[in-house]
Number of protein chains: 4
Amino acid sequence: MKTTPSPVSAKEFDELFKKVCNWNKWGPDDERGTLNYITGEHICAAAKLVQSGRSVSLALPINTVAGPDNPRPAAHYMVQGHDIDSDLGEPHFCTDFFASEFHGDCHTHIDALCHIAYKGKLYNGKSASEVTSQGPLLQDITAYAHGIVGRGVLLDIPRLRGVKWLEPGEAVTTEELEAAEKAQGVKLGEGDIFLFRTGHHRRRLELGPWDNSYDGEGKAGLHSEVMLMLHNRKVAAFLPDGDGETVPSNAEGIAYPVHILQINAMGMACADSLQFEELVAVCEEEKRWEFMVAITPLRLPRGTGSLFNPIAIF
Amino acid sequence: MKTTPSPVSAKEFDELFKKVCNWNKWGPDDERGTLNYITGEHICAAAKLVQSGRSVSLALPINTVAGPDNPRPAAHYMVQGHDIDSDLGEPHFCTDFFASEFHGDCHTHIDALCHIAYKGKLYNGKSASEVTSQGPLLQDITAYAHGIVGRGVLLDIPRLRGVKWLEPGEAVTTEELEAAEKAQGVKLGEGDIFLFRTGHHRRRLELGPWDNSYDGEGKAGLHSEVMLMLHNRKVAAFLPDGDGETVPSNAEGIAYPVHILQINAMGMACADSLQFEELVAVCEEEKRWEFMVAITPLRLPRGTGSLFNPIAIF
Amino acid sequence: MKTTPSPVSAKEFDELFKKVCNWNKWGPDDERGTLNYITGEHICAAAKLVQSGRSVSLALPINTVAGPDNPRPAAHYMVQGHDIDSDLGEPHFCTDFFASEFHGDCHTHIDALCHIAYKGKLYNGKSASEVTSQGPLLQDITAYAHGIVGRGVLLDIPRLRGVKWLEPGEAVTTEELEAAEKAQGVKLGEGDIFLFRTGHHRRRLELGPWDNSYDGEGKAGLHSEVMLMLHNRKVAAFLPDGDGETVPSNAEGIAYPVHILQINAMGMACADSLQFEELVAVCEEEKRWEFMVAITPLRLPRGTGSLFNPIAIF
Amino acid sequence: MKTTPSPVSAKEFDELFKKVCNWNKWGPDDERGTLNYITGEHICAAAKLVQSGRSVSLALPINTVAGPDNPRPAAHYMVQGHDIDSDLGEPHFCTDFFASEFHGDCHTHIDALCHIAYKGKLYNGKSASEVTSQGPLLQDITAYAHGIVGRGVLLDIPRLRGVKWLEPGEAVTTEELEAAEKAQGVKLGEGDIFLFRTGHHRRRLELGPWDNSYDGEGKAGLHSEVMLMLHNRKVAAFLPDGDGETVPSNAEGIAYPVHILQINAMGMACADSLQFEELVAVCEEEKRWEFMVAITPLRLPRGTGSLFNPIAIF
């Protein structure tokens, strides 16, 4: 399996953008994008996958310690502990405060469609200027308020390759995803939630965090051409353990080609920085790589995304 | 149906505490309390309730505007909008910052078991001093990290009474809950997630927010004796549209008797300030008041609770 | 002394704006506005007023409790107290976290010149669009980074009138300020820092906080025409105990006429929400209403203002 | 001049603590410690040093970018910019939000006396347990609410040594401070505010930030024995460009010996992380190293310290 596939030229990237573009497919004011692929029938079918009753978190513990991939650690403080004199009355409540600038490399979060502007446009061709200093006037995270429920399919590339993790810069191609499907006996289809594992978090656990940005050491991810497969398959949502990008980019002169194609062109519900270490153990025990998924972003008006804790239910 | 049932005396409250107390039932270090009632079979059975594939949020939109029941509004600011010159490069990301002291009357949240100390003790008899200025050393919200999934049963008291909402101070008794079960054709049982509707949020929508605290106008809730029913039925979790309490208290000299009994004595997973206005419409359409529920608190180490967005799936 | 002087018409307001406008007076890129009136000689003269060595804070305690004039209370939490076991080592540090959206009616703060846009323009005619979602690109609070030092002159209107405070809606005219100067034996002059007392805070202490905004009960302040006096006198900075505005406005159809004229037209360093209760006691004891003032805003790049604690030194 | 003076043994440190200890010197409830040395006369004398009217900030710009000495960057976001449609009315205000966990190595701040507990005690022998999860019940930063004003004396060690800065680990002795006094023609005396320059910030500007903690590369500072000199001279306050500490410590087995002696034993008003690069330029021009200083911490009840912007006035 080649791990350094041919880069995409700027011209090819433009063509790819056009091929996978869903603008106006679901009307000019659509804010759900590829979630439109998930029907009630898909959800009922997903529920049928619940056969043992186990649920597994796909989120990292919220990270309040600064590090090379965490320049903006979440802040978490007690408002009051239980150290106060009992003469304050019974019962005594302890409470806390939590704050986060959550679009970071080590915070498990989901992006709203407004998160990305490309050439001055948001998904569906809306103007980027709709996102002001007071937040997005459209395509905010409340488009997903009622949750995203469906069939999740994990494609585990390190498992396929027989390695612990992919190294930074390695790109996964359509061929390799198809090989993983074959090896695991699953097939990504219409309305599915695609869980993509590069082993990013396992590498992080074993080697420690690293700067995986464009200024740093990079990360493993998808080859840009995979978007064509996801488009053709009518995949509804994308949950990777990194953020899906191969860094450095394999699209010539284009940073974040996967984000641009998925979110901006396709309108795909995309998340960042999940962890599948608990999930893979359960998959191996259950001998299956498909399950019900429940995703419930916070209901935050004008949010550009949300911290969340997606779960797989077996 | 009497709406001002007899108050519970201080002595009766102590007896009630002992009767419903689950301390050491699941071992000295248990942190899951009544969630232990939910088995894999319960979860599989809950999944079978997914028959139409609709999902409904049970959360309020996050409330960033101060008000009589919101002295600590959540803070939400843009880190960057899309107003910056395009010479910053492509694509352009908009991001935001979110902060909350979430244990408030109008923030949909779930409590960790450590949230309440009574007579110097936490659930399971642990010392309140385990919750320091740096947060709880045990019983934090990560006990629920893998989500809470199960059968949800809504008991809709305004529907039973034929009113829009219960008025502040009105208490719901065991008899009334049983009447609601009968009227709706459901029965709360072992491992169930109990959704309790007083119409709190509908009142708020129609009359505007009010100070529902002990210093204010109060709210409708459960009579303390209902805890005995919940204990005997082995209910696993509690999701009310207020916070479950009747204010003023109907337990003599005891503030927050429902919290004390549920969280401190029983170790029950309890939430606050949900809204069921979207849910009741779907229940009427679906002609059923039971459904699958997915609850996914943020995975916050040392959290005393979490904002969340629980969903019902039909 | 008339307390309800004639209102200013929209046309008169426009003329007033032109008369007091300092745009381009100190060059097209000036960011210090009327602070340019303070020379080294003024500062040396101010220092000569230090004769007893007393210093007095002009700030309110930072207000973390929500109220009718505090919809956005400051947040203050411990990061760690001293409750942690000594095995963490010696010495032990307690630390805290502080957050504020400080442009509020009960937070003592100073405004940067960029704070106000009027008809699409900032002070000096710069475009309002220079203030993006990432903050002001010019006229931020760092223009005052090296502090504002000079002669402070308090004009105490309740003292002149023989009342405890002015009532909401009452406006102070040029004639009344001149009468106060006479009564106190001081005269506001070039380069001076003008402390203007309506007794706002004393009213707040005695009657409790009230909603003093345009939607609420209002507040006492300056008549718009006073700006002509301040302009002619070449006053350098303005420190009021409310925010200087009379609410409701006495300028026809114009909200915040004083802010517009002072900050936008004149480029005056203006603060909000000081308290002079400790100051007036010292003034009476010292029998003088002039003193050295030291103002040191936080050195916050791209700040639209700053919380601060100005002091008077006698 | 020796730059690696003899270390202080644990026993010598205990003796030093006793020698410089001011507990109960100003009564059992004193919260001002060595600020008691500053009399009205000292302040008047300090004001006489204002001869040219220049003022200079001693603060770093507030640092919102993470780095090796900034694991907890301050957070600064716009609440609203000026990008909103003008139909929101005139004038338009831009506002921001600011948050900080400010006791960090690159945030210019002042410590409250409660900041440090040693062997379970605060300054004046108060119990460390007075600092709870809700903040200090005594010795908070409001003890300095009315500002600290006095004569500042800068001792510039790199100037004495003819170097750009001191290297991490280098300790400055009493002898060297006396040599600096001689070279600069000044003498630290009773009630003075001591500005101590190691060139920490110049090194930072030229070489970039480094981890200067006990786990990192360390920093230059005072030898522990200097505390005896500061005690004998009755110095009132301490403003260093690092935090005064030599790291690694030159007191055997004791971390932060300077903080323990200054804050805990002496009750000295101490700040951290100032910068004197602008100041030294003015000192050279003015040919003097003494000036008036104005320090105005935010008036934050229960604050363990405060960000601030101290200024020198010439």
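Predicted model: local features only at pLDDT ≥ 70, side-chain atom pairs only at ≥ 80, totals over all residues.
Reader: How many salt bridges does the rule find across the interface of chain B and chain A?

Author: The rule finds two across that interface. Polar contacts are counted separately: between chain B and chain A there are 33 residue pairs in polar contact, both residues being at pLDDT 80 or more.

Reader: Which element gives the most to the side of chain B that touches chain A?

Author: That element is strand β4 of chain B, residues 95-100, which supplies six residues. By residue class, the side of chain B that touches chain A holds 41 nonpolar, 28 polar and eight charged residues.

Reader: How many residues of each chain are in contact, and what area do chain B and chain A bury between them?

Author: The contact involves 77 residues of chain B and 77 residues of chain A. The two chains bury about 6000 Å² between them, and carbon and sulfur atoms account for 65% of that area.

Reader: How does strand β4 of chain A run relative to β4(B), parallel or antiparallel?

Author: Pairing between strands is read from the bridges that join them. Here β4 of chain A, residues 95-100, is joined to β4(B) by three bridges, and the two strands run antiparallel. Within this pairing, A:Phe98 stands opposite B:Ser100.

Reader: Turning to the backbone, which peptide bond of chain A is cis, and where does its proline lie?

Author: The angle to read is omega. The bond from A:Val247 to A:Pro248 is cis, with omega near 5°. A:Pro248 lies in the loop between β13 (237-240) and α7 (257-266) of chain A. In chain C, the bond from C:Val247 to C:Pro248 is also cis, with omega near 5°, and C:Pro248 lies in the loop between β13 (237-240) and α7 (257-266) of that chain.

Reader: What is the phi of A:Asn124, and is this residue buried or exposed?

Author: Phi of A:Asn124 is near 70°, a positive value in a residue other than glycine. A:Asn124 sits in the loop between β6 (116-117) and β7 (131-132) of chain A. Burial is judged against a cut-off of under 20% relative accessible area; A:Asn124 has 6% relative accessibility and therefore counts as buried.

Reader: Where is A:Gln139 found, and what is its phi?

Author: A:Gln139 is in the loop between β8 (135-136) and β9 (148-156) of chain A. Its phi is near 55°, again positive in a residue other than glycine. With 2% relative accessibility, A:Gln139 counts as buried.

Note on methods:
Residues numbered from 1 in each chain as written. Chains lettered and ligands numbered in written order. Heavy atoms only, no water. Contact = heavy atoms within 4.5 Å. Buried area = accessible area lost by both parts, 1.4 Å probe. Salt bridge = Lys/Arg side-chain N within 4 Å of Asp/Glu carboxyl O. Polar contact = N/O pair within 3.5 Å; in protein donor to acceptor, adjacent residues only side chain to side chain. Helix = DSSP H or I, 4+ residues; strand = E, 2+ residues; numbered from the N terminus. Nonpolar A, V, L, I, M, F, W, Y, C, P; charged D, E, K, R; others polar. Buried < 20%, exposed > 50% of the residue type's maximum accessible area, 1.4 Å probe, protein only.
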